[in-house]
Amino acid sequence: RIYLDHAAATPVRPEVLRFGMRFLDGFAGNPSTIYREGLEAQAAVARAREQVAALVGASDPGAIVFTSGATESNNIAIRGTALRNKRSGKGVVASAVEHISVLNPAKDLQKSGFAFTQIPVDRYGTIDLDALGTAVTPETVVTSVQYANDEIGTVQPIREVAEIVHDRGGVLHVDATDAAGRMPIDVERDGVDLLTLSGNPLGGPQGTGALYVRPGVRVQPVLVGGGQERGLRPGTEDVFGIACMGEAARLAAAEMPGENERLRAIRDALIAGISEVEDAFLTGHPTERLPHHASFRFSRIEGESIQLAMNAFGIAIATGSACTSRTLEASHVLLAIGLAHAEAHGSMVATLGRSNSMEEVPRIVEAARETVKRLRAITPL
Ligand code: PLP
């Protein structure tokens with residue numbers, strides 16, 4: 001079996017699970033208590049906070065708020081910042097290729113009188129910086145631009161985006177779900193005010209995440225309750241999940257240079273091989289893309305059939321985003337890069353991880369070639 005869908009789900013690393021198990025198996029300790037067990041839980045959360053902060057270059061670990069994942073972090077960042085600052089203005093800006101967990105809270109804010117502007121991207125998925133410069137005004141309370149896209153792998157020019165947003169006095173949120181652990185992120189160097197992270201892509205459990213909130217940025221909670229996580233994410237902490245996410249962040253940071261180089265080589269071989277298939281096209285940016293990401297579209301065939309045929313060859317691979325696969329709508333990302341509806345349906349996305357090797361590439365390319373040949377033979381398109 002060859003597993004190529006790490007963006008949808010990454011295997012939990014055994015060493016991460018071993019580390020975290022001590023906070024699950026028979027453990028009782030609430031970080032809000034001050035007897036020994038509570039202090040142990042507190043220490044585990046504090047350690048994880050430092051590790052996650054280190055992964056993204058945050059000098060103050062107190063700026064990290066643990067959440068249940070990227071969707072929650074994005075919601076706190078968009079809603080929480082917009083609502084807290086609504087007296088300064090009612091504008092929200094995001095790129096057209098953001099994940100739906102950014103776009104939907106922004107659209108929802110329109111019901112509360114906010115104006116939401118989406119910034120177009122070019123055919124590679126790179127944001128239009130001129131359009132961004134026009135859209136962000138002193139009325140804009142939050143601007144959201146992802147670090148990299150999960151469907152087409154394109155990495156955005158975040159430092160230039162930050163300059164534009166800050167020149168206009170704005171707050172920049174960056175969704176780094178797919179980039180963290182794959183790119184050297186530094187919130188201070190990059191000028192990021194709010195940063196979304198997910199624990200699973202790092203090798204931690206599903207349902208773990210974090211939001212970096214630059215000290216001084218005003219955000220109101222989406223959930224209200226106890227004062228945990230600086231009141232921004234009340235509720236008893238998931239000590240096991242947080243400890244695992246911290247350990248996964250530590251390992252990802254330590255291994256990033258070597259592992260990225262390894263994955264980039266496999267990615268490039270995959271791109272070279274699959275691009276040879278008739279009427280196959282790379283989607284996303286040819287060079288400014290995630291090191292573990294190879295995405296394609298094929299004319300005249302349909303993504304779901306590609307996925308099923310590849311599955312029969314023993315290969316788990318995505319067609320677009322796992323999050324939209326239930327709706328059967330054309331991906332908003334592929335439409336935003338200018339594909340027609342029919343073209344946007346034939347997509348295939350490989351996201352690599354630790355289990356993948358160069359030896360798998362010929363089998364994947366051959367399976368893709370055979371899949372495309374068989375599907376084209378029976379397509380009514
Ligand atoms: N943001 C991006 C860029 C993603 O790719 C995803 C998931 O694929 C999410 C947010 C949502 O993550 P989750 O479903 O873990 O909340």
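## Stop 1: Gln-146 and its neighbours

Begin by showing the side chain of Gln-146: one of its polar atoms sits 3.2 Å from the backbone oxygen of Val-97. A polar contact here means a pair of N or O atoms within 3.5 Å; within protein, one must be able to donate a hydrogen and the other to accept it, and residues adjacent in sequence count only if both atoms are side-chain atoms.

Before going on, some ground rules: this is a predicted model, where local features need pLDDT of at least 70, side-chain atom pairs count only at pLDDT 80 or more, and totals for chains, interfaces and linings use all residues. Residues are numbered from 1 along each chain as its sequence is written, and side-chain values use heavy atoms, with hydrogens and water left out.

Stay on Gln-146 and colour by secondary structure: Gln-146 is in the loop between β5 (140-144) and α6 (158-167). Helices (H or I, at least four residues) and strands (E, at least two) are DSSP runs, numbered from the N terminus. Is Gln-146 buried or exposed? Buried, at a relative accessible area of 2%. The cut-offs are under 20% for buried and over 50% for exposed, with partly exposed in between (1.4 Å probe, protein chains only).

Now select what Gln-146 touches: Val-97, Glu-98, His-99, Gln-156, Ile-158, Val-174 and Asp-175, leaving aside residues up to four places away in sequence. Contact means heavy atoms within 4.5 Å.

## Stop 2: the two domains

Zoom out and colour 2-8 + 256-378 as domain 1 and 14-251 as domain 2. Those bounds come from an automatic or database domain assignment. Taken over C-alpha atoms, the centres of domain 1 and domain 2 are 27 Å apart. Domain 1 puts 28 residues into the contact and domain 2 puts in 29 residues.

How much area is buried between domain 1 and domain 2? About 2200 Å², with carbon and sulfur atoms giving 60% of that. Buried area is the accessible area (1.4 Å probe) that two parts lose on being put together, summed over both.

Next, look for the polar links: the rule finds 10 residue pairs in polar contact across the interface of domain 1 and domain 2, with both residues at pLDDT 80 or more. On the side of domain 1 that touches domain 2, α8 (239-275), β10 (293-298) and α10 (332-336) each supply at least two residues. The residues of that side split into 13 nonpolar, 12 polar and 3 charged.

## Stop 3: salt bridges

A salt bridge is a side-chain nitrogen of Lys or Arg within 4 Å of a carboxyl oxygen of Asp or Glu. By this rule the count comes to 19 salt bridges.

Pick Arg-13 and Glu-255, whose closest N and O atoms are 2.9 Å apart in a salt bridge. Arg-13 is in the loop between β1 (2-3) and α1 (14-21) and Glu-255 is in helix α8, so this pair ties together parts 242 residues apart in sequence. Arg-13 is buried at 6% relative accessibility, while Glu-255 is partly exposed at 26%.

Move to Arg-267 and Asp-268, whose side chains meet in a salt bridge (3.0 Å, N to O). Here Arg-267 is buried, with a relative accessible area of 5%, and Asp-268 is partly exposed, with 39%.

## Stop 4

Select Asp-279 in the loop between α8 and β9 (280-282). Its side chain meets that of Arg-300 in a salt bridge (2.9 Å, N to O). Arg-300 is partly exposed at 36% relative accessible area, and Asp-279 is partly exposed at 30%.

Check the backbone too: Asp-279 has a positive phi of about 55° although it is not a glycine. Most residues other than glycine have a negative phi. Finish at Arg-230, in the loop between β8 (209-213) and α8, where phi is again positive, about 55°, in a residue that is not a glycine.

Technical notes
Nonpolar A, V, L, I, M, F, W, Y, C, P; charged D, E, K, R; others polar.
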